[in-house]
Amino acid sequence: MRLDIVTIFPEYFAPLDVSLLGKARRRGDVDAHVHDLRGWAHDRHRTVDDTPYGGGPGMVMKPEPWGEALDAVVPPPSRARLIVPTPSGRPFTQELATEYAAEPWLVFACGRYEGIDARVIEDARERMPVDEVSIGDYVLAGGEVAVLVIVEAVSRLLPGVLGNADSVTDDSFAPGRMEALLEGPVYTKPATWRGRDVPDVLMSGNHGAIARWRRDQALRRTAARRPELIGRNTLDEADRKALTE
Ligand code: ADE
């Protein structure tokens, strides 16, 4: 997969060299390039922002550097999937991460300030698919951290990146997994730590009982923390019992 990221803060992307993604890059499974938007600004101060038409607080990113940057990074007539992180975008979900993981080429445009001049998105849409995407209902200072979140969620789905395909299908929100349940608590050795024991059932070797216990924990945690997800699951009698006990 090829990734291009356009930003005024290339140094935000040092984490792309770390951990599983760093390994995937060194293997050549992920070909990532970070570009400084100011390279496409032409005045002495390399200006990329200006005051908003119509007034109001803050600054808006100018269209000219963005237009040139996107033309250089994705030379017409080639097409990538362009992702523009913004708090006013559609929600980024595990399902969208799966869709992105199947793309050969993703390009990210990181906005700062009050956002990018809207004509940049309209213009790009004439020659490639563009998604404006939000990673959650809070406002970051810019799109850079959102891009790191999206790139990590996508790259761990690529074949060979995680090293354990089961960890992916087991994820709370894995598409195709019929359930939308939060994962319950997990434990490892030692069996007793600071006077706290691992639940007996996990040491029992009884795989049926372990599966039942894990499902009960997942159901109860989901009901407590994300009650709106419970209705997305098909519950049987035993499940309903776990939720009423
Ligand atoms: N930029 C600023 N806030 C954001 C958010 N919540 N998601 C995506 N991009 C953003």
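This is a short walk through the structure, from its domains to its sheet and then to one arginine. The model is predicted.

Start with the overall layout. The domain assignment of the protein chain gives two entries: domain 1 covers 2-165 and domain 2 covers 178-244. Their C-alpha centres, domain 1 to domain 2, lie 37 Å apart.

Now turn to the sheet. Strands of a sheet pair through backbone hydrogen bonds, either parallel or antiparallel. Here the pairing is parallel. Five strands make up an open sheet, and their order is β2-β1-β6-β5-β7. At the edges sit β2 (31-36) and β7 (130-134), each pairing on one side only. Neighbouring strands of this sheet are turned against each other by 30 degrees on average, direction ignored.

Follow β7 to its partner. Strand β5, residues 81-91, pairs with β7 in the parallel sense over six bridges. In that region, valine 84 stands opposite glutamate 132 of β7.

A helix packs on this sheet. Helix α5 (residues 144-155) touches β1 (2-7), β5, β6 (105-109) and β7. The direction of α5 makes about 160 degrees with that of β6.

Finally, look at arginine 119. This residue belongs to helix α4, residues 118-125. The side chain of arginine 119 makes a polar contact with the side chain of aspartate 117, at 2.7 Å. Lysine 62 is 57 residues from arginine 119 in sequence, and the C-alpha to C-alpha distance in space is 9.7 Å.

Definitions and conventions:
Residues numbered from 1 in each chain as written. Predicted model: local features only at pLDDT ≥ 70, side-chain atom pairs only at ≥ 80, totals over all residues. Heavy atoms only, no water. Pairing = 2+ DSSP bridges. Helix = DSSP H or I, 4+ residues; strand = E, 2+ residues; numbered from the N terminus. Axes fitted to C-alpha atoms, helices over the stretch in contact; angles between N-to-C directions. Contact = heavy atoms within 4.5 Å. Domains from an automatic or database assignment. Polar contact = N/O pair within 3.5 Å; in protein donor to acceptor, adjacent residues only side chain to side chain.
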